[in-house]
Every structure is written in structure tokens, then in C-alpha cells.
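Trainee: Could you take me through one part of this structure up close? I'd like to see how a single spot sits in the whole chain.

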Amino acid sequence: MVVQDSVDAPGVPLEPFLHQVGGHLSVMKYDEHTVCKPLISQEQRFYESLPLAMKRFTPQYKGTITVHLRKDSRGRLSLVANPLTENRGPFTVSTESAAVAIWQTLQQTTGGGALPLAQWQHPQRAHSLKESPATALLRSELRLKAQVPSLVEDANGNPTEKGSFNPWGLHCHRAHLTRLCAEYPENKRHRFLLLENVVSQYKHPCILDLKMGTRQHGDDASEEKKARHMRKCAQSTSARLGMRLCGMQVYQTDKKHFLCKDKYYGRKLSVEGFRQALYQFLHDGTRFRMELLEPIQHQLQALLSVIRSQSSYRFYSSSLLIIYDGQEPPQTPHGTNVSKVDVRMIDFAHTTYKGSWNEHTTYDGPDPGYIFGLENLIQILQGYTNSC
């Protein structure tokens, strides 16, 4: 379903999505339960024709909306979504949340590049409202502490900086806004997908983003892009395990911050290094969260069964998210913890299947690369179970 927008109604300024750990397209927070990302037709068609069996393993698709750059009274730009005139699901636009412009307010149109952080501005009415964590980031020039800071490690695993957010989303937003301002006029309207915020129910969402499969280029990739992606796969765990780490944040209970790693760290991992990184994802700084192993494996086995039943689908360059809460749940009367975990597939811009609009090649059977990756992931987790 395509959601229409109201051109004349006040816009909804977007906030940065603070828990984006991977990918290259900017993901933004629309409301507490919804994120949005630039629309790619192939991905939209996938969501609109999604097999029923896969719906539990993908974010809920909520339609589309238009987004544009808007100039405020000071001549500065912010990214704004037009409000919905037709709702689907639990859409509630929080006044506190919606009043906050996205962090990437850029320089006046008469100026050059992006503003220094200290000069980023907000709509004036935001001053009278309670600040969200995203607002705090803007006001603090990324220096004031939010509720949960983060520790960032470089590709070699060395601490590089301590901040109040996962920096990967900031990197993606900066690149996206710079590109929009450079390539399009201010009033250009861009279509965005609206998707479920799959981490909204977690207090301290621990997220592992795995790029799945042994092949990452789509059927429509140029020869240069194809060669580049094949080289990355051959030089990483993609070729040997059918997956590689694309991003991660894990809450450290002893230090009260997120430990964050990005795709550059993931590309350098050996098979043993990947095993250690996966172990670290399930370690809260104090202990290994062994109680998470069974529910994660259970969901991965269920997903594997679904993927095996999807003939002709190839999920090239898609990711798999594994999510759990860094805040441990209270014990039940029986003295055990019931930990909620989630497994979701995301990023379907290069997914192809029989009957897809722009299919270049028709494949038979399920996706062997994705299955290879899932089987290895389950096997590694089973190894932790046996050794604990």
C-alpha cells in the first residue's frame, strides 16, 4: 500500500536513528515505532509481494512517504517528512519527537558546505519541548553524555573514541544529506519507505548486523562493481562462512556503554576472529549471556526452514539482524530469565525472484549462499552451547 502525503500540512522533521549499526543508506526515525529510508523500487516491490512465511522475519512494511529539504526562517535546511493523511498500523507522531529537526541541518543555500556542529539549528518551537536523545545530540555538539554512551573500536579492535551514540548512523546521515543538497533542488520530493522500528521495545538494544551469503552484487551490477564485491567476499568471511560482520553494538553492563564495531572491522576478520566477535556480541562485559543461545538458535532454525522453502529467491547483499536487550530481564518465580531475542532480515534492494519486475536471471531452488551462511551461524552458536 502506498501512503499518500498532504503537501500543505506542516511537516514532520526527522530524527537520526541512533541504533543504525550497518548499511550505507541513511535510516531515520519517523516516530517511536517507525523508521524510514530512501525508497528503492526493487526493495519496495519485495515488501509488497513478501511471502507470508517470511513476514515474521522482516520489518513490518508500513507504506511510503515523501521527504524533502525545508528552509527555516534563518535560511537553514532540515529534512522533513510530509505527515500522513492515511494511517496503517500504530502510527502516532509524538509532538516531542516530531518537533525535533534531523541533526543534519545544513548551511544556508547561499553558503558552501555543511555547518560546523555548533551552528546546527532546530525549529524554534523545539526549545519549549522535552528533548529526545537525538535532540540532545544536536544541542551538545556530540559532547554531552546521553543516557548510554558508546565505545568505538577501530578495525584492529583498539578504542578510538567515546560518544553518546553509535557513530555509524551519523556517518550515513552526513553523506546522505550532503548528497541531497549537492544534487537536488530544495523543493525536490524524495520517496521513502516506512518500516517497523524493530528495536523500539528494547531499553538497551544489542544489535548484530550480518551481511549474508557468498555473493553480494546484484544481477544488474556493472562489471566494475561486480569485481569489487567479489573481491570483498573473497577476502573476508563471506566466502568461507557465507556471512560477514557488517556492524555491531553490544551493551556493556559493567561500564554502562555500548561497544560498537563497524563493517571495516568485520571485513578484516578471519574465521576465528568472526567466532570471537560473535562471542563478544553475546558478552555484556561481565558474563557471557548463555541464556540467549537457545532462543537465537531456535529462531535461526525457523528462518532456515523458511529460506529453504523460497524457490527462486536470491537475497544478494541483504543483512540479518540479531537483536536482544542489554538489560537483563527480571527472574521468573522459578528463578530463570526469559530473554527476548529477535532475528530479522533487512535490505532487499538487490533481492531477485521469479516474477520480480526487473529480474535479469531466473534462479531455481532456494538461495544456497544464504543457507550456507545460516548453517554456519547455527553451527558456531551450537559450539558455544557445547562448550559452556
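This is a predicted model: local features need pLDDT of at least 70, side-chain atom pairs count only at pLDDT 80 or more; totals for chains, interfaces and linings use all residues.

Mentor: Numbering runs from 1 along each chain as its sequence is written, and side-chain values use heavy atoms, with hydrogens and water left out.

Let's zoom in on lysine 255, in the loop between strand 11 (243-252) and strand 12 (257-262); strands here are DSSP runs of E, at least two residues, and helices are runs of H or I, at least four, both numbered from the N terminus. Lysine 255 counts as exposed because its relative accessibility is 53%, and the cut-offs are over 50% for exposed, under 20% for buried and partly exposed in between, with a 1.4 Å probe and protein chains only. Aspartate 284 is 29 residues away from lysine 255 in sequence, yet their C-alpha atoms are 9.5 Å apart in space.

Now the cysteines: cysteine 260 is buried, because its relative accessibility is 3%, while cysteine 181 is partly exposed at 27%. The structure has zero disulfides, meaning pairs of cysteine sulfur atoms within 2.5 Å.

Zooming out, the protein chain has 10 helices and 16 strands, and 52% of its 388 residues are buried. Of its contacts (heavy atoms within 4.5 Å) with a separation of 6 or more, 77% link residues 24 or more positions apart.
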